Amino acid sequence: MTRISLSLAVVAALAAAQPAFAASPAKPAPAAQTLPAADAAALDTALKGEWRDPKNAARDIYRHPKETLSFFGVKPTQTVVEITPGGGWYSEILAPYLKAGGTYVAAVVDPASVAEKSRNYYQRGVDGLQKKFTDGPAQYDKATTVKYDPSAPVFGAPGSADVVLTFRNVHNWRKASQAEGMFKGFFAVLKPGGVLGVVEHRANQDVAADDDTGYVSEAQVIALAEAAGFQLEAKSQVNANPKDTKDYANGVWTLPPSNNHPEAERAKYQAIGESDRMTLRFVKPHH
């Protein structure tokens, strides 16, 4: 092949390659935040803690706590408010991680603030979490609890928190017409520059406020946060699950860990695993 024809071949090859470059996204997705080495080591220690319920630790393969908390940039010197921690799945990690140099705050619904028919349910939740804290002083003696009224939520003094975290709760607040107020409460308790970390079951498209599948669209969560004053800083796919078809008779509760399905279908849903989840990091602007 002559030099001229070789040059033409190279030009042709480059031209053929251009569409591939053009198809690349102009702005790559932000990389996951990484913690300083000492903080990452402290988080590893909390994750490996013998105090963790083995059933909870077994869910790490679905919930990716190390990657999730690293993405949110949670450092052991910060004040972190976790909203409605339930049985304390993340409390088992966060409280020991923050014990030496930070503050872990569990924000729970005040049973006295809800209708009488619901009070026992919320009281059992408060009592169960408090028992976990009392029974494990080595991990939880510095953990604090704040009770809030869902209709007018206050999670602490204004501007007192570095991070607010919520895991799989937004669908409940939307159904109860409390979501707007909750996000305003998150904004109020955070310092300027503070982070709101949200993990939620992800719908493929917007759902009605009274939807009972447990899924919510990313766009709907982002709209709630932005309406409260937050800016979306980054998304992560660390908790994505493409196997989740989101079309089950009992909604997201068909999947583990609820497993609300016929026993004969257990293998099918275990193979899917936990739900497809959005992982969103918002920031409270400085101005």
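User: Which residue of β7 stands opposite Q231?

Analyst: Strands of a sheet pair through backbone hydrogen bonds, in either a parallel or an antiparallel sense. In this predicted model, the residue of β7 facing Q231 is V283. The two strands concerned, β6 and β7, are paired antiparallel over 5 bridges.

User: Which residue of β2 is the bridge partner of V81?

Analyst: V81 has V105 as its partner in β2. Here the strands β1 and β2 run parallel, with 5 bridges joining them.

User: In what order do the strands of the sheet lie?

Analyst: The sheet is open and has 7 strands, in the order β3-β2-β1-β4-β5-β7-β6, and its pairing is mixed. At the edges are β3 (144–148) and β6, each of which pairs on one side only. On average, neighbouring strands are turned by 20° against each other if direction is ignored.

User: Which helix packs on the sheet and touches β4, β5, β6 and β7?

Analyst: That is α5, residues 65–72, and its direction makes about 25° with that of β7. Another helix to look at is α6, which lies across β1, β2 and β4 and runs at about 145° to β2.

User: How many residues of β2 are buried?

Analyst: A residue counts as buried when its relative accessible area is under 20%. In β2, 6 of the 7 residues are buried, so the strand is largely enclosed by the rest of the structure. For the protein as a whole, 46% of the 287 residues count as buried.

User: What about R277: is it buried or exposed?

Analyst: R277 has a relative accessible area of 3%, so it is buried. This arginine belongs to strand β7, residues 277–283. Leaving aside residues up to four places away in sequence, R277 touches R63, R168, V199, E200, H201, R202, N239 and A240.

User: Which residues of helix α11 are buried?

Analyst: In α11, residues 218–227, the buried ones are E218, Q220, V221, I222, L224 and A225. Their cover includes α9 (170–175), α10, β5, β6 and β7. After α11 comes G229, with a positive phi near 115°.

User: Which residues touch the most other members of the largest nonpolar core?

Analyst: The core has 31 residues, and those touching the most other members are I83, F155, F183, F186 and L196. Helix α10 (residues 179–189) supplies the largest share of this core, 5 residues. A separate core of 30 residues includes V74, A95, Y104 and A106.

User: And what does I83 touch?

Analyst: Not counting residues up to four places away in sequence, the contacts of I83 are A107, Y148, F155, V164, L165, T166, N169, W173, M182 and F186.

User: Which residues other than glycine have a positive phi, such as T84?

Analyst: Most residues other than glycine have a negative phi, and most peptide bonds are trans. T84 is one case with a positive phi, near 45°, and this residue sits in the loop between β1 (79–83) and α6 (91–99). N259, also not a glycine, has a positive phi of about 55°. The loop holding N259 runs between β6 and α12. N259 is buried, as its relative accessible area is 19%.

User: Where is there a cis peptide bond?

Analyst: The cis bond joins P256 and P257, with omega about 5°. P257 is in the loop between β6 (231–236) and α12 (266–272).

User: What are the overall figures for helices, strands and contacts?

Analyst: The protein has 12 helices and 7 strands. Among contacts with a separation of 6 or more, 76% are between residues 24 or more positions apart. The accessible surface is about 14,600 Å², and carbon and sulfur atoms make up 56% of this area.

User: What is the mean pLDDT of the protein?

Analyst: Where pLDDT is low, predicted coordinates should not be read in detail. The mean here is 91, and 89% of the residues reach 70 or more. Residues 1–29 have a pLDDT below 50, and beyond near neighbours in sequence this stretch has 1 contact in the model.

Terms used. Residues are numbered from 1 along each chain as its sequence is written. This is a predicted model: local features need pLDDT of at least 70, side-chain atom pairs count only at pLDDT 80 or more; totals for chains, interfaces and linings use all residues. Side-chain values use heavy atoms; hydrogens and water are left out. Helices (H or I, at least four residues) and strands (E, at least two) are DSSP runs, numbered from the N terminus. Buried means under 20% relative accessible area, exposed over 50%, partly exposed in between (1.4 Å probe, protein chains only). Contact means heavy atoms within 4.5 Å. Accessible areas come from the Shrake-Rupley method with a 1.4 Å probe; for residues, only the protein chains shown count as cover. pLDDT is the predictor's confidence in each residue, from 0 to 100. A nonpolar core is a set of buried Ala, Val, Leu, Ile, Met, Phe, Trp, Tyr and Cys residues joined through side-chain atoms within 4.5 Å. Two strands pair if DSSP finds at least two bridges between them. Axes are lines fitted to C-alpha atoms, for helices over the stretch in contact, and angles run from 0 to 180 degrees between N-to-C directions.
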